[in-house]
Amino acid sequence: MRKKLIVANWKMHKTLAETEKFMQRFPNEIEEVSGIEIVICAPFISLGRLVDLMRGTPLNPGAQNMHWQKEGAYTGEISPLMLKEIGVKYVIIGHSERRKYFGENDVIINKKTTAALNNGLIPILCLGENLEERRSKKTEKVLKEQLYGALDEADPGEEKLQRIVLAYEPVWAIGTGTPAGGDEAADVAGYLRSLLNRKWGALSEKVRILYGGSVNEDNITQFTGKKDIDGALVGGSSLKESSFAGLIKAVFYEGRS
Ligand code: PGA
C-alpha cells in the first residue's frame with residue numbers, strides 16, 4: 001500500500017520568523033494524525049532552522065528547487081549535497097513556475113531529477129498542461145513528453161524509481177481557485193501510472209502520484225479518495241496552520257471512515 005503524502009509548497013512566502021511562528025503551533029494542530037507523510041517545502045534560507053524545528057515531530061523538510069551539480073561556479077545556486085547535509089529529504093523539481101519564469105525545460109528537469117535520486121533525495125516531479133494545451137486536447141501528449149523527458153535514463157534502477165513522487169499540477173488550476181475535477185485528476189493520474197508501467201512494469205504501482213492546483217480542506221478528499229491519487233501538493237492552503245492542518249485532518253478522517 002502506498003502511504004498518503006501531503007506536501008506544502010510555500011513558494012516565496014514566509015520569513016524565518018514567520019516559519020518559526022508556524023512551527024510553534026502546527027505540530028500541535030495535527031497531533032491526532034498518523035499514517036500520513038507530511039512534507040513542508042520552505043524557502044532555502046529557512047530550511048536549516050526548519051530541520052531543527054521538525055525534530056521530534058512527524059514532519060519532513062523539503063526544498064523547492066536545486067541545482068544538479070554537487071558544487072561549482074553557479075552563482076546563486078544550491079546543490080543536492082548542501083540540502084542533504086542539513087537533513088532535507090524531499091525536493092520539488094520542475095514546478096510550472098520554474099518552467100515558466102526561470103526557463104526550466106525537460107533537459108534541465110531531467111538533470112535535476114537524476115541528481116536528486118543519485119544524492120539520496122526524493123524528487124517531487126511536477127507535470128502539467130497549460131490552459132491552451134488542455135483546450136486543444138493535448139494534455140496526454142504534454143504529460144508524456146514531460147514525464148519521459150524527466151526520466152530519460154534507460155533504467156534508474158528499482159530502488160530509485162520507487163522513490164520518485166509525481167505531482168500532476170495542471171497549470172490552469174494553480175493559484176486560481178479552480179481545481180481540476182476529482183474524476184479528471186484521477187484519469188490523468190491513471191494515465192501517468194500507465195506511462196510508468198510501460199517503462200518499468202509492476203514497479204509503477206509503488207510510485208506515489210499527487211494532485212496539485214487549488215487544493216483546500218473542502219476539496220482535498222475529492223482527490224485523495226481516488227485509486228491512483230496518493231496525496232496532494234498544496235500551495236496557498238498550506239500557508240496558514242489552521243487551513244493546512246484542516247486539510248490533513250480531512251485526509252486522515254476520510255481514511256478511517
Ligand atoms: P495552489 O498551488 O495550491 O496555491 O494552487 C499549488 C502549487 O503550485 O504547487
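Me: Let's start with Glu-37. Leaving aside neighbours within four places in sequence, which residues is Glu-37 in contact with?
Reply: Setting aside those neighbours within four places, Glu-37 is in contact with Lys-3, Lys-4, Leu-5, Ile-6, Asn-60, Tyr-90 and Arg-208. Keep in mind that this is a predicted model.

Me: OK. And where is Glu-37 found?
Reply: Glu-37 is found in strand β2, which covers residues 36–41.

Me: Is Glu-37 buried or exposed?
Reply: Glu-37 is buried, because its relative accessible area is 14% and the cut-off for buried is under 20%.

Me: What joins the side chains of Glu-37 and Arg-208?
Reply: A polar contact of 3.0 Å joins those two side chains, Glu-37 and Arg-208.

Me: Which residues make the contact?
Reply: From α5 you have Asp-106, Ile-109, Asn-110 and Thr-113, and from α7 you have Glu-145, Gln-146, Gly-149 and Ala-150. Sorted by class, the contact of α5 with α7 has two nonpolar, four polar and two charged residues.

Me: Tell me about Thr-113. Buried or exposed?
Reply: Thr-113, which is found in helix α5, is buried, with a relative accessible area of 1%. Leaving aside neighbours within four places in sequence, Thr-113 is in contact with Ile-93, Pro-123, Leu-125, Ala-150 and Leu-151.

Me: Back to α7. How many residues does α7 have, and how far does it reach?
Reply: α7 has twelve residues and reaches 16 Å from its first C-alpha to its last, close to the 16 Å expected at 1.5 Å a residue.

Me: Which residues of α7 are buried, and what covers them?
Reply: The buried residues of α7 are Thr-139, Val-142, Leu-143, Gln-146, Leu-147, Tyr-148, Gly-149 and Ala-150. What covers them includes α4, α5, β5, α6, β6 and α9.

Me: You mentioned α9. What span should α9 have?
Reply: Helix α9 runs over residues 182–200, so at 1.5 Å a residue its 19 residues should span 27 Å; the C-alpha atoms at its ends are 26 Å apart, which agrees.

Me: What do the buried residues of α9 pack against?
Reply: They pack against β5, α7, α8, β6, β7 and α10. The buried residues of α9 include Tyr-191, Arg-193 and Trp-200.

Me: What is α9 followed by?
Reply: α9 is followed by Gly-201, whose phi is positive, near 60°.

Me: Now α11. What do its end C-alpha atoms tell us about its span?
Reply: Helix α11 has 16 residues, 241–256, so at 1.5 Å a residue it should span 22 Å; its end C-alpha atoms are 23 Å apart, which agrees. Among its buried residues are Glu-241, Phe-244, Leu-247 and Phe-252. The buried residues of α11 pack against β1, α1, β2, α10 and β8.

Me: Last one: how far apart are Ser-96 and Ile-174?
Reply: They are 78 residues apart in sequence and 9.0 Å apart in space, C-alpha to C-alpha. Leaving aside neighbours within four places in sequence, Ser-96 is in contact with Val-171 and Ile-174. Ser-96 is found in helix α4, residues 96–101, and at 14% relative accessibility Ser-96 counts as buried.

How values were computed:
Residues numbered from 1 in each chain as written. Predicted model: local features only at pLDDT ≥ 70, side-chain atom pairs only at ≥ 80, totals over all residues. Heavy atoms only, no water. Contact = heavy atoms within 4.5 Å. Helix = DSSP H or I, 4+ residues; strand = E, 2+ residues; numbered from the N terminus. Nonpolar A, V, L, I, M, F, W, Y, C, P; charged D, E, K, R; others polar. Expected span 1.5 Å × (residues − 1). Buried < 20%, exposed > 50% of the residue type's maximum accessible area, 1.4 Å probe, protein only. Polar contact = N/O pair within 3.5 Å; in protein donor to acceptor, adjacent residues only side chain to side chain.
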